[in-house]
Protein chains: 6
Amino acid sequence: MAKIIGESLYNIPWQEKPTDCREPVWRYSENPIILRHDTAVSNSIFNSAVVPFRGGFAGIFRCDDRAVTMNLYAGFSDDGIHWEIGDTPLVFEGEPAVTGVEYRYDPRVTKIGERYYITWCNGYHGPTIGIGYTDDFRHFTQLENAFLPFNRNGVLFPRRIGGTYRLLSRPSDNGHTPFGDIFISESPDLIYWGKHRHVFGPAPFEKSGWQSAKVGAGPVPIETDEGWLLLYHGVIHTCNGFVYRTGAALLDSEDPSEVKYRTKYYILGPEVSYEQCGDVPNVVFPCAALADADSGRIALYYGCADTVTGLAFTTVDSLLDFLKKNSL
Amino acid sequence: MAKIIGESLYNIPWQEKPTDCREPVWRYSENPIILRHDTAVSNSIFNSAVVPFRGGFAGIFRCDDRAVTMNLYAGFSDDGIHWEIGDTPLVFEGEPAVTGVEYRYDPRVTKIGERYYITWCNGYHGPTIGIGYTDDFRHFTQLENAFLPFNRNGVLFPRRIGGTYRLLSRPSDNGHTPFGDIFISESPDLIYWGKHRHVFGPAPFEKSGWQSAKVGAGPVPIETDEGWLLLYHGVIHTCNGFVYRTGAALLDSEDPSEVKYRTKYYILGPEVSYEQCGDVPNVVFPCAALADADSGRIALYYGCADTVTGLAFTTVDSLLDFLKKNSL
Amino acid sequence: MAKIIGESLYNIPWQEKPTDCREPVWRYSENPIILRHDTAVSNSIFNSAVVPFRGGFAGIFRCDDRAVTMNLYAGFSDDGIHWEIGDTPLVFEGEPAVTGVEYRYDPRVTKIGERYYITWCNGYHGPTIGIGYTDDFRHFTQLENAFLPFNRNGVLFPRRIGGTYRLLSRPSDNGHTPFGDIFISESPDLIYWGKHRHVFGPAPFEKSGWQSAKVGAGPVPIETDEGWLLLYHGVIHTCNGFVYRTGAALLDSEDPSEVKYRTKYYILGPEVSYEQCGDVPNVVFPCAALADADSGRIALYYGCADTVTGLAFTTVDSLLDFLKKNSL
Amino acid sequence: MAKIIGESLYNIPWQEKPTDCREPVWRYSENPIILRHDTAVSNSIFNSAVVPFRGGFAGIFRCDDRAVTMNLYAGFSDDGIHWEIGDTPLVFEGEPAVTGVEYRYDPRVTKIGERYYITWCNGYHGPTIGIGYTDDFRHFTQLENAFLPFNRNGVLFPRRIGGTYRLLSRPSDNGHTPFGDIFISESPDLIYWGKHRHVFGPAPFEKSGWQSAKVGAGPVPIETDEGWLLLYHGVIHTCNGFVYRTGAALLDSEDPSEVKYRTKYYILGPEVSYEQCGDVPNVVFPCAALADADSGRIALYYGCADTVTGLAFTTVDSLLDFLKKNSL
Amino acid sequence: MAKIIGESLYNIPWQEKPTDCREPVWRYSENPIILRHDTAVSNSIFNSAVVPFRGGFAGIFRCDDRAVTMNLYAGFSDDGIHWEIGDTPLVFEGEPAVTGVEYRYDPRVTKIGERYYITWCNGYHGPTIGIGYTDDFRHFTQLENAFLPFNRNGVLFPRRIGGTYRLLSRPSDNGHTPFGDIFISESPDLIYWGKHRHVFGPAPFEKSGWQSAKVGAGPVPIETDEGWLLLYHGVIHTCNGFVYRTGAALLDSEDPSEVKYRTKYYILGPEVSYEQCGDVPNVVFPCAALADADSGRIALYYGCADTVTGLAFTTVDSLLDFLKKNSL
Amino acid sequence: MAKIIGESLYNIPWQEKPTDCREPVWRYSENPIILRHDTAVSNSIFNSAVVPFRGGFAGIFRCDDRAVTMNLYAGFSDDGIHWEIGDTPLVFEGEPAVTGVEYRYDPRVTKIGERYYITWCNGYHGPTIGIGYTDDFRHFTQLENAFLPFNRNGVLFPRRIGGTYRLLSRPSDNGHTPFGDIFISESPDLIYWGKHRHVFGPAPFEKSGWQSAKVGAGPVPIETDEGWLLLYHGVIHTCNGFVYRTGAALLDSEDPSEVKYRTKYYILGPEVSYEQCGDVPNVVFPCAALADADSGRIALYYGCADTVTGLAFTTVDSLLDFLKKNSL
């Protein structure tokens, strides 16, 4: 039996697996949990990050407002399902050259020690990885961008490994990038970054077509006694556009650039109407996961069609079992 | 209180605003009002123009037939909601070099004096602006094309301004144009056009993303005591195609190339299934508006997913108020 | 009255035409008949081929598995509507240089004499036309590829004509080909192919827009006393992608490169949710047809949105009548 | 014998045809006549216009300066071969909305009555046709732009025809346009333009490949007793870029939208080093022609590789003879 | 010492290797041997095929005429260097459906038995491989096209192998194809073709960049006692277009789909002005080779910049030696 | 009078300015100084870096070999003009994950203290900035890549500024990037990089067209008493490809992200045959500069048409004077 290394989370959102479900991941029956107009100004709320916070939950949300500008907003919840999300975007303190950005989107939140670090796609002469932190989800400080443009999907590991911080990311171009590999980088201080290593890229079309165009890290990796469990998005390029689905990988505990397993099959893809229809059809985009070390339960938050937010469930056991039996 | 300058239209189609609606525009509860197969030959009926006519309503409709060729058809209605649309396309009298066109689509109808002028996208060695007129919606005369190709979305003002006719248009290329600005041109006689001036173009992506790729005029501008109220379409280019939404602008009464206000936020976007799914997904395309000078009511007709026709409502007050508070 | 030249098929799947249907083809009321997860491993089941077999029906199905790799699977049915489809792909005996392909998709099955020939799109340094045969749908032998890459939509005629086998195909490029014409080729032995002739290509946009980008053969042609009845797909390129619809053509009995009639109007297009939404939105792709020579009934199997399989009905009379009245 | 209708020009630049030349056009032996750095600031001088002026010659030159910005400069010459070109660009009086342009290039000069009209490609929210005039090549007045963007290669006829001014042009897009047809438009006053007619477009690739991508008018048409002699550029798209060559057409005297003859073969193409190598390799771009009504001599000025200016010679007789024998 | 298997050709064109030349191939000092205007109508003469004929030499030449249409012309020479080329294109007898093509280019000539077979790129609804033959270079018969479009660079082997004819070709798309692999096909009769096998494709960019975009067969393979010596073209895609160079490969005598050696380094690339400048800059395109079995001498004819024809020399010994020492 | 801050270099290569030269930079009369085949294996030698070394000069050269693979080679010279370049590429010691790269190109060499640092474009899952060092140009050590892909044109400053190393670079995509801005990054240790700041990007087309598509740093900046003198390349995108030219900028001494001046005009562009013709036509690419603090002389090494190496001269005075008078 695989074990999650981490905190107990007795109040993790949860539904039992439907008896007719053959797959390792199942949707919440009341999806979507956050609708497109759930704040006063929002066109869409998706690709967002949640964490346990003071007995309940806090989150950083990507809300595109009705001008369809992209920014980050804080929100709070008692049960992880019903959310109160603010109407004004986050304000970061920090270097004006860094904070004065053009747009922010696709956040992740990583708790390291007692501090909550946020990473996101930051508009600074093109998309790159922004980093900030908060202690209370009310005051926010922005650090230096991790990299030069062009980069997206920056995800911090929840602890130092071998003495350094580790950051996954996906170098890109400045448009609707048709390619994308996951890399990992190290830092002694969250300011200076180096020792960049390749983790994995798209799969050959004839072996695993759903992830043949590009891949990118999803939620913060979940530590297990067998390694880091990484959920990620994979993309296929059809004649009518990109389809985003979700897969899983297991990375080595001490050297997470080493891939031990990686799913040949997707574990969640756009199949219901709120995933197939919306501002960007056919997108399932995982951005955050809660995990309960006691029960092995995992709750996955994912963006649907770039419009609403969905919730899905799995367990560390079923996921690792699936991974090992269906590795690419 | 803003005032519409124009005729009374006591029988304008109307529904009160739902109490839970926070936005300045709301959909008709029985949408879509015209279905794709509502004529014997049609594949789709959308992007069409209606006007008050002899106590009821008349319209010029874009019907793509089941060969998916594009042409214009006349229709009549008592209440502006239930329509009888003809099975044969309009026949225009005029210069054979001009009338012998390849296709016609996206009509607008402008009443100037007692005559109804029609403008549309006309296939003459590429798309350009066709102009014609009718007195009875049974006999039609076609004038010279206003411009060289390539142009789309030609919209006439409902009266001469400073002694000349004024025409909005959007120069384009001969394909699925990825750019587009609104220009205005003058004519002494509806034949010769000049004094072309730039009105406005797309907005910066980081300020108003929904209109960052291209913009084009929608219905005939509505005259108010504060200027011309222009509804227009704005387009964003996502990784899975274009999304068309609707915005509003206020143009100066005497010099409509001068933009007084323009919405930062869209006022109507594809959010329900008949707008999100169809031959071209995610299109809301406003093409005509009825206005009642007495009540300030406005009824907006718009194409949905290039397949069916929808109806929405607003008032001049709420729209101007929204415009002023949310100008780009 | 047109006559189908062929076998009786008293148990052909059938529903009478709805009384309010004005078109020559109508959908099965319980569509889709095959769902995306109807096998243990499938992401989608579509673009597939069925034939009468031993009093019931057999089929070769395109199942993309949950890795989204494309392969062929055999299935059986008593009524042509409810299917048992295998969980493991076809295994072909034959030349390893030919059988060791990268992918297989979009099969057709043609009975010639007592043998069932399968043609499909075969990955051999790019897509080309694979050919194989079976006598029992349990053992399969693969022959040489008919052509060099790049080609798709290979469809065999059900008998020799003038002493040679005849094969329709659509030369393409190695991507999401934006063009495509139907050609016919001859062979004395199913190994060597030549005497390639052009059959027909896309129609001019202004005459028949739905088939203005590319066309390709669908089911095995149905022989009638007036010629070969060919159902085919036609594609339009909109600003938001390709839309696939279905048309019909009548080819000369003795020289099927000669087109006698061809529909100006499509006879089936994506209009319901399972055709408009799915992995590739807006696709109706005909791949097989059953025909009963006694009654003139035709049952059409077609892929929907590259995700599920639908069934539709027509008769040889109504189709030929429509063809003659609405020829391009 | 064909006759030029126009003025005598005894001092037209001239060299006799080399005895070994089989073609109707031959190069000046001292080409190029203007070098890239012939002004203090120029990167290149090409695609320029010359006319007889006060017993000598005047010209409007496209000089790209060493910032590679495009503007127009005046120049003077005694013999049409050795030129003094100014170091500062033309200054136009006129409407600020019109004169405040972003760039000017590819001028033509047309004498109508006693006034010299200049047309060029004018940057106003994209390229369009600018029009101005001068009486002395020292003071310049700019009129309204003839058209909306996007347009290039505007060429005025040297007299009114049927009471209206006539202007050739080539609608384009806002980039390196891959297509282009020649149109003609009318105006009563050089301000308002209409009655746009198609003149001719590219030729089919298999009939006349050198002009299969786009065509555009070159020098001001030369009037003859058989019609208007138009020299134009034609372009082929090879795997390594565009090649620009020169052809000729004869347009009807009274209705110049009617093409009487048009060369199947080019009459001048890039074949010597200053035409093959330069900032844009493989460009021969005719922009001006002098003609002597007495002798029938024609001197053709053309841009070479977007870098220098060349001169070539022909006669009205040999050109019309070639046109009639080799018409497309 | 490698031996050519074939006829003696004592009068093969020849120059000794310059003493300072380190490479296995050297240019003829009087290059180019055929100029662009060497026939009355030609714009360019290149990519052409020559063979020994009745004590002298005959050839089939690609001449693009001054309309830049592509066709084939016959020519004769006493010494293989000075050529008389006809002014009218080849006329083929044969099936009108096949001979009525749109264009012909890039011929090869293969002597099989006493007959001369010509293969070329033939315009039949896109480029494909045309085949014809002649006995006297005055009367020509055209056979069926070998393949469906789209294909280029068809090259016949000079004898049957294992009882069947063998044909190399390069499947392509219908534009300026950015990819290309060499395949081989078999036929019992030159009409029906099958058993298609992959020979080789582009090399990885980082191992052999000059052939990283596409490759295609050049002259008819030369038989040696070690296998078939194939000269071929390889293409790199730079930021300013394609560069075509020449390499060599050794194919197995009995199964020429098996590659024994293939040059990592090019053996001839564009380095002198007539190869670097012309209608398509930077093209060296080998199309024919003469070989003398007695001396081992090889004379290579190649197109230069799609404009003129060059000649180069090598020997079978030096080429095989180079191949073995520098194989990819 | 501006002063170079640095070492004396009495033996800097030098020629006086030609009396007829009006520009601030002039070419060496014996150019090109290094030919394409100057080593036994090279296809081309260009875009290379030289420094003073032990009384003479050493260099790191980009040689593409005759397989057209890109690698770095060391060379030595007594006079900076005649070079001995090795036949085998550099071998780097270091982390195998970093040294095992796919390709290396476009080196720069920076002396910091007594050590020579090399930066180049390094193939590691796409192009990025490689860093290494040498003390003797015989043994080489490679450090970590500075950045994630995709990046090119990494140039180190010759001393720490404010305690940190500074590196210029140009983020790109993984193809023939059509855009490019110069950024600067800091590092305490040459391993970890951060504090990325934008320096400058392309200029508006209408103000300085030659640098309107992309810009990138050239040689190591030269320190002067007025700031850092940076030579850089600028690119324009014409209809026939990219043209690379050279400009200059002056950066603030203490904060080199601050641009004090930048040339509106190019100072060196492709104008002679070895710059206009070659494997990539129309490229002048500056990669290294020698400077003599005593005389103010500067010798500029630049790649020509991606094929050979040229030398040009200027002085710090004339360059700064030109910069100030012609700043963008």
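A polar contact is a pair of N or O atoms within 3.5 Å; within protein, one must be able to donate a hydrogen and the other to accept it, and residues adjacent in sequence count only if both atoms are side-chain atoms. This is a predicted model, in which local features need pLDDT of at least 70, side-chain atom pairs count only at pLDDT 80 or more, and totals for chains, interfaces and linings use all residues. Residues are numbered from 1 along each chain as its sequence is written, chains are lettered from A in the order in which they are written, and side-chain values use heavy atoms, without hydrogens and water.

**View 1. C:Gln15 in the segment before β1 (26–27) of chain C.** Strands are DSSP runs (E, at least two residues), numbered from the N terminus. The side chains of C:Gln15 and C:Ser29 make a polar contact (2.6 Å). C:Gln15 also touches C:Phe313 (contact: heavy atoms within 4.5 Å). Its C-alpha atom is separated by 9.4 Å from that of C:Thr314, 299 residues apart along the chain. C:Gln15 is partly exposed, at 22% relative accessibility (between buried, under 20%, and exposed, over 50%; 1.4 Å probe, protein chains only).

**View 2. F:Thr164 in the loop between β11 (151–156) and β12 (165–171) of chain F.** F:Thr164 is buried, with 9% relative accessible area. Its side chain makes a polar contact with the side chain of F:Glu186 (2.9 Å). Among the residues that F:Thr164 touches are A:Tyr192 and F:Pro188.

Terms used: Helix = DSSP H or I, 4+ residues; strand = E, 2+ residues; numbered from the N terminus. Lists of a residue's contacts leave out its neighbours within four places in sequence.
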